[in-house]
Structures are given as structure tokens and as C-alpha cells.
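Thanks for coming, everyone. Let me put the structure up, and then we'll walk through it piece by piece.

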Amino acid sequence: MRNYSSYALIKNALTGNTRWTPAWRNARPRKNYEVIIIGGGGHGLATAYYLAKNHGITDVAVLDKGWIGGGNTGRNTTIIRSDYLLEENAGLYDFSLGLWAGLSRELNFNLMFSERGAVTLAHSEAHLNQLARLANAMLLRGVNAELLTREEVLKEIPVLDGGAGTRWPVEGAFRQPEAGTARHDAVVWGYARAADSLGVDIVEQCEVVGMNMEKGRIKGVQTSQGVIAADKVAIVVAGHTSTVAALAGLTLPVESHLLQAMVSEPIKPVLDTVVMSMAYDGYVSQTNKGEIVMGAELDGYPSYSQRGNLPRIEDCVRYTLTMFPSFSGLRLMRSWAGINDMTMDGSPLIGPTPVDGLYINGGWCYGGFKTIPGSGWAFADTLAHDRAHRLVEPYRLDRFNTGHTINENGHGPLPQHH
Amino acid sequence: MQEIRCPWCGPRVQTEFEYYCDDSLLTEVWGSEAVQQNLDRVFLRSNHLGYHQEIWQHTHGCRGWLRVLRHNLTHEIKESQPLGSNPVVDKDGRMQS
């Protein structure tokens, strides 16, 4: 792998930028591998990278039915935080946040990770109590968290309209200072390039259409580019976890829903943190390019369409404009919908399956992007040692049978409400 | 914007309705041997690509409960009937003849 550096930039500029090489090889699948990872999104590529780097397992193929960066990694709002109440979630999400901080250097790829903090607004005393409980739970585990007064919030986010005249005046806020955002495409490109340089084959346009199994053990996969044998197969296909798992005869506690997000035209820097709200179910930030990114709630019904409906876009814009009335002159540039594999308790599914040698990492609900490094790290360890890593053990598939659900919001098994 | 036909009120816009759950959740199983079956019913979803029998409510209308046969990729709605009428697909989503 050729190092990206200032020197490389200058050298290539002098030769007219004609000597850059592709970031990863266009691999053709071999007949067999030690590990096949189905899905070349953030989690799949991170898993492949850590398998090679931490465990020396380089006989790995990552198969993707489309192209790298064309799935859910490119359909989110890039927010990275670890402000979770439950201990099980805090472990993995905070480990992940720690990895983000040094990831650009490790992958030699600028992920544009921006530690700009994330603020959750409280609009009542009850909201503040709830956020204080969350902050205390985090502090007890050694995760940084702080509460802001109304005055501090209005001073630090001058563009926010939280004063007495608004619909729900701001009472205060919770902030995780280490939270931030990253460049979504760069994350998959960076992991793909680093994994490729360690010997991993990244095979694009290769759809898995069947699983080869013998006596309850996985033997390989059938793909649009032929049959490929493998000792271990991992399903890491955000958005289609149920349909791919069904190829192995598995039924999962997952319902696939739509989640929309959108960006405005770019403007000069005006918002230097991520803003969420306890009253408005939206989240707003400004990209390095200047666009205002807004995220909405689920559309509310199961769908694989990757195509959202107008009512949710209107809701999202309405929330945003209530908080930031000065954005009303902006034009919406694009909107998109991702398929969220929503589990029955709002937490992911990670670990071995009843089929020997077959593993699943999916059901990420809203938490997929931010967990990419931590999930890849712990899932690679799980694959290498044939047992769940400590950080992902709570997310085992059979937790619903044993009553060990991890339900951050306390909603029942109706995923559209998580 | 999708249009959903309420069996009592006629065609209305999607925002008047709320999705509740997959129809498979409503088929209760009784008896002490049925523990696993009930766990599966509550927590597992076939989530296949295709037609699903779903329960919706006309929340911002007559508040009636509907059973809707809807495709989860095209969003085409083939049927919407009052809840209580017979489903036209089985729990795996296969059309019944």
C-alpha cells in the first residue's frame, strides 16, 4: 500500500496526478477461503481489517452485491457518540468511540473525524432529570458527560432559538464532549484499502444467493460469481439481515424499516456541534462542506424500498426550523432513506448462530455507523476464537428466549417505537 | 404519500393511519407446551421481501382496526379489510389459494 502523505500529494501533483493507483484491488473470488464476510459495508470491512491485523487471518473475502460505500454507510447522518444508559451498550459504544479518535492515523486515510460534541436539549424539568440520570450513569462508568444550563446552551449555540418565545423553550442540555461526526464514505474506503493491503479480497458486484450447509455446518456460499467454499461465514448485511439469514433457514427478531435523512445546500459555518432534542425527534449538524444535515424518525412501517415518504421529510424540516428558524431560507438539496434492521429490543444481534461456522452481525437499528470500529474489532475476535467477545456477548441471538433483552428505551417488541 | 383504503371511510392519506404490527403476532397459542411458540410469535418476524398481512389503525379517522395486505418493497396495497375478516396469506406470507 502506498502511503498517503503530503509528500505523495506533492509528488503526484508534479506528475499531473496520473500515477495514483486504485485504493484496493478489484479482486476475483477464489474457490475457497477461511472466512467469507457477506457485506462490504463499514462493519464487514472493519471485521475483515481486524481479522487480518489483530488475528493474522488474511485468507478472507468480503463479498458485496453492490459497490463499496453504496449501502447504509452512505445513508446515515454520520453522528458518533456513546451516551447510552445501559451497561451492555455503554461497553461496546464507548470502546468504539475510543477507536474513532485514532482511526485516521491507523488507516492512513483521512476520515475527517471531528470531535465536535453532541448536545441533547431538555425542554422541561422531567427532561433534565432524565438527562441527569443518563449523565450520572455514564460518569459512574468513566465516560465523560456534562449538563449545561439554559444560558450556557444559548451562549454556545447562538443560532438556536431556545428562548421564551419558542414552542418548547430550552431548559438545559446534556453534552458528550467527545462525540462527533466523520466522513461516511471515507470510513469504508479507508477500511477497504487497509484490509486489501493486508491481503483481504474485496469482491464487489457479488451477490450471495444461497448457503451451502452440511449436517448443520456451513460449507460455503453460492454467489452470482459462482460457489465459494469457506470454513466460516459472517452475515454483515445491514438492511437485509433477515433475507440473507433466511438462506440458512434462520428466522430473526428483526423487522426492516425506513429511516430518512436530508441535507440543505451548503452555507458558511454556523453550527459547530451536533444538536438533538428530547422534544423534537430530530438531530441536526453541519458538515465540513457546510450542508445542514437533518435526520428524522422512522417512516413507521416495514419497507425494503430505500425510498422515504414526504410526510416524514416535512416532520423533520419542521423540527429543524422550530429549533433553527434562521435555516428557513435554505433549500433542501437531497434526501435519502436507509433500511434499518430494527430488532425487538432496539439493540444489535451479534454472535454465533445455530448453524456451526455461521455468524451474524446485524440488527443495528439506529446505532450502526458510530459502532463500526468497535463492532469490527470485537466481531473479528469472535470469529477468530469461535466464541463471543466480552463486548458483544450481551447481543447474542437467543437473549429474547432467556429474557435478557437490552432495551434502552423500555419499549416492547414493536420496533417502530424504538 | 401512500393512499390506504379504510373499509369504513374509503380511501384516505397514509398520515391518518398508523402501522401496528405484523398479523403473525395476533395468532396466540395456548397451553403450557406453547411457551417456545409464543416466544417466537412475540419476538421473531419472517421479515421476508414480499406481501405481508399487517395490522394498521385508522388512528386519525374512525379509529377502526384494519388488516392490510401490503408489499414491503413496492408498497402496493392489495387489500384492506376490517380486522376480524379472514387473512389471505398464511404466517409465512404465502398467498392462500
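Why does the distance between the end C-alpha atoms of helix H9 (residues 372–385) of chain A agree with its number of residues? At 1.5 Å a residue, the 14 residues should span 20 Å, and the end C-alpha atoms are 20 Å apart, so the two agree. The expected span is 1.5 Å times one less than the number of residues. Helices here are DSSP runs (H or I, at least four residues), strands are runs of E of at least two, and both are numbered from the N terminus.

Some ground rules. This is a predicted model: local features need pLDDT of at least 70, side-chain atom pairs count only at pLDDT 80 or more, and totals for chains, interfaces and linings use all residues. Residues are numbered from 1 along each chain as its sequence is written, while chains are lettered from A and ligands numbered from 1 in the order in which they are written.

Back to H9(A). Of its 14 residues, 12 are buried. Buried means 20 or more other C-beta atoms within 10 Å of a residue's own; exposed means 12 or fewer, partly exposed is in between, and C-beta atoms are placed from the backbone. Among the buried ones are Trp377(A), Phe379(A) and Asp381(A). Just after H9(A), Asp386(A) has a positive phi of about 55°.

Now the domains. Chain A has domain 1 (21–82 + 84–109 + 184–253 + 345–417) and domain 2 (118–180 + 256–343). Those bounds come from an automatic or database domain assignment. Over C-alpha atoms, the centres of the two domains of chain A are 27 Å apart. In chain A, 29 residues of domain 1 are in contact with 26 of domain 2; contact means C-beta atoms, placed from the backbone, within 7 Å. On the domain 1 side, H3(A) gives the most, with three residues.

Next, the core. The largest nonpolar core has 112 residues, and Ile36(A), Ile38(A) and Val60(A) have the most contacts inside it. Both domains of chain A give residues to this core, so it lies between them. A nonpolar core is a set of buried Ala, Val, Leu, Ile, Met, Phe, Trp, Tyr and Cys residues joined through C-beta atoms within 7 Å. Beyond four places in sequence, the contacts of Ile36(A) include Ala61(A), Leu63(A) and Val221(A). Another core, of nine residues, lies apart, with Phe17(B) and Trp56(B) among them.

Last, the chains. 24 residues of chain A are in contact with 20 residues of chain B. Elements giving two or more residues to the chain A side include H7 and helix H8 (310–323) of chain A.

Technical notes
Contact = placed C-beta atoms within 7 Å.
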